[in-house]
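Subject: Structure for your review

Dear colleague,

Please find the sequence and structure below. My notes on the helices, their packing and a few individual residues follow.

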Amino acid sequence: MKRAVLLLLCAACASALQKPPPLETIAAAPRAGAAQLLAEADAAWARRTEPAQAAAAEDLYLQAARADPHRAESFAGAIRAKAFRLGREKDGAQRLRLAQEAVAIGQLCEEGSPAAAPCDYWLAAALGLQARERSATAKDALPRMADLLRRAARGDPSIDHGGPHRLLAIVLMRAPNWPLGPGDPEAALPEAQAAVRIDAEFAPNQFALAEAFRKNDGPAEARSAYSKALRLATDAAARGDPDAAGWAEEAREALREVGIRHQASTATVTPA
């Protein structure tokens, strides 16, 4: 019976990975050396809230990758820029296209620098974006993501402010449990705690920790982490971080929900 259920659930499954196109077909010919292009890409990324700058950064990162296919940071920057653009794109078809292109770039990163921690981490992140836009790829993507993130955490856990541990915690919290997926909410908590140990001042790490506490019956700890996330997001917004306003709103909504749920769980019925 269980096998039949699994086969039924996989009837609409799709592979998360396809053969990526040659780098030359997605990256313009480099007009300078990789180091110079990376510096220009980083400068454009710093201005990503300005019109067209995120796309310009992506183009420069890809040129740098073509100039030196063994520099993982070039591919990582391109995927990060695509993720930023996807988060602000309203058209569903365009969102899917950006996600699929991010996966292809992650695969090319792996080809140039096999098992490099930045390639593992950003390919996992790209697979997550694609699974969100095309749910049929999720069953194949989720275990791949978990494996990539564990390898990235062993190689360089500091990437993206503790990103390998943070994203692995999210996968373990939100994926279906075995045998349908790699989900394991109990195992997610130490991963979220590891991300916080790496960078406790990064609001998304506090979000992951709060969600992990919620999944493991720790409402008071969850409220504390969400409160810290809100403070950190508010401070980051004041410094001009383009993502911080969204983090702050997410923290406010989560605090309201945690408060309501806590009140419901502690409510008592007064005898008539």
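**Packing of H5 and H6**

Helix H5 (residues 72–87) packs against helix H6 (residues 92–112) at an angle of about 170 degrees, and their axes are 9 Å apart. Helices here are DSSP runs of H or I with at least four residues, numbered from the N terminus. Axes are lines fitted to C-alpha atoms, for helices over the stretch in contact, and angles run from 0 to 180 degrees between N-to-C directions. H5 and H6 are therefore roughly antiparallel to each other (angles over 145 degrees count as roughly antiparallel, and those under 35 degrees as roughly parallel).

On the H5 side, the contact (heavy atoms within 4.5 Å) involves Ala72, Phe75, Ala78, Ile79, Lys82, Arg85, Leu86 and Gly87. H6 contributes Arg95, Arg97, Leu98, Ala99, Glu101, Ala102, Ile105, Gly106, Leu108 and Cys109. The residues of this contact divide into 11 nonpolar, 2 polar and 5 charged. In this division Ala, Val, Leu, Ile, Met, Phe, Trp, Tyr, Cys and Pro count as nonpolar, Asp, Glu, Lys and Arg as charged, and the others, Gly among them, as polar.

Please note that this is a predicted model, in which local features need pLDDT of at least 70 and side-chain atom pairs count only at pLDDT 80 or more, while totals for chains, interfaces and linings use all residues. Residues are numbered from 1 along each chain as its sequence is written, and side-chain values use heavy atoms, with hydrogens and water left out.

**H5 and its surroundings**

H5 has 16 residues and reaches 23 Å from its first C-alpha to its last, close to the 22 Å expected at 1.5 Å a residue (the expected span is 1.5 Å times one less than the number of residues). Its buried residues are Ala72, Ser74, Phe75, Ala76, Gly77, Ala78, Ile79, Ala81, Lys82, Phe84 and Leu86. Buried means under 20% relative accessible area and exposed over 50%, with partly exposed in between (1.4 Å probe, protein chains only). The cover over the buried residues of H5 includes helix H2 (23–26), H3, H4, H6 and helix H7 (117–133).

Ser74 lies in H5 and counts as buried because its relative accessibility is 0%. Leaving aside residues up to four places away in sequence, Ser74 touches Leu38, Tyr61, Ala64 and Ala65.

H9 and H11 pack at an angle of about 30 degrees, with their axes 10 Å apart. That makes H9 roughly parallel to H11. The contact brings His161, Arg166, Met173 and Arg174 of H9 against Pro204, Asn205, Ala208, Glu211, Ala212 and Lys215 of H11. These residues divide into 4 nonpolar, 2 polar and 4 charged.

Pro164 is placed within helix H9 (residues 159–174) and, at 0% relative accessibility, counts as buried. Not counting residues up to four places away in sequence, Pro164 touches Tyr121, Leu149, Ala152, Ala153, Asp156, Pro157 and Ile159. Pro164 and Arg151 are 13 residues apart along the chain, and their C-alpha atoms are separated by 8.6 Å.

The 14 residues of helix H10 (residues 185–198) should span 20 Å at 1.5 Å a residue, which agrees with the 21 Å between the end C-alpha atoms. Ala188, Leu189, Glu191, Ala192, Ala194, Ala195 and Val196 are the buried residues of H10, and what covers them includes H9 and H11.

For helix H11 (residues 203–215), 13 residues at 1.5 Å each should span 18 Å, and its end C-alpha atoms are 19 Å apart, which agrees. H11 is mostly covered, with 11 of its 13 residues buried.

**Backbone features in the loops**

The peptide bond from Trp178 to Pro179 is cis, with omega near 10 degrees. Pro179 is found in the loop between H9 and H10.

Ala52 is not a glycine, yet has a positive phi of about 70 degrees. Ala52 lies in the loop between helix H3 (34–46) and helix H4 (53–67) and counts as exposed at 59% relative accessibility.

Asp217, also not a glycine, has a positive phi of about 55 degrees. Asp217 sits in the loop between H11 and helix H12 (219–238), and at 73% relative accessibility it counts as exposed.

Yours sincerely

Notes
Helix = DSSP H or I, 4+ residues; strand = E, 2+ residues; numbered from the N terminus. Parallel < 35°, antiparallel > 145°, perpendicular 65-115°, else oblique.
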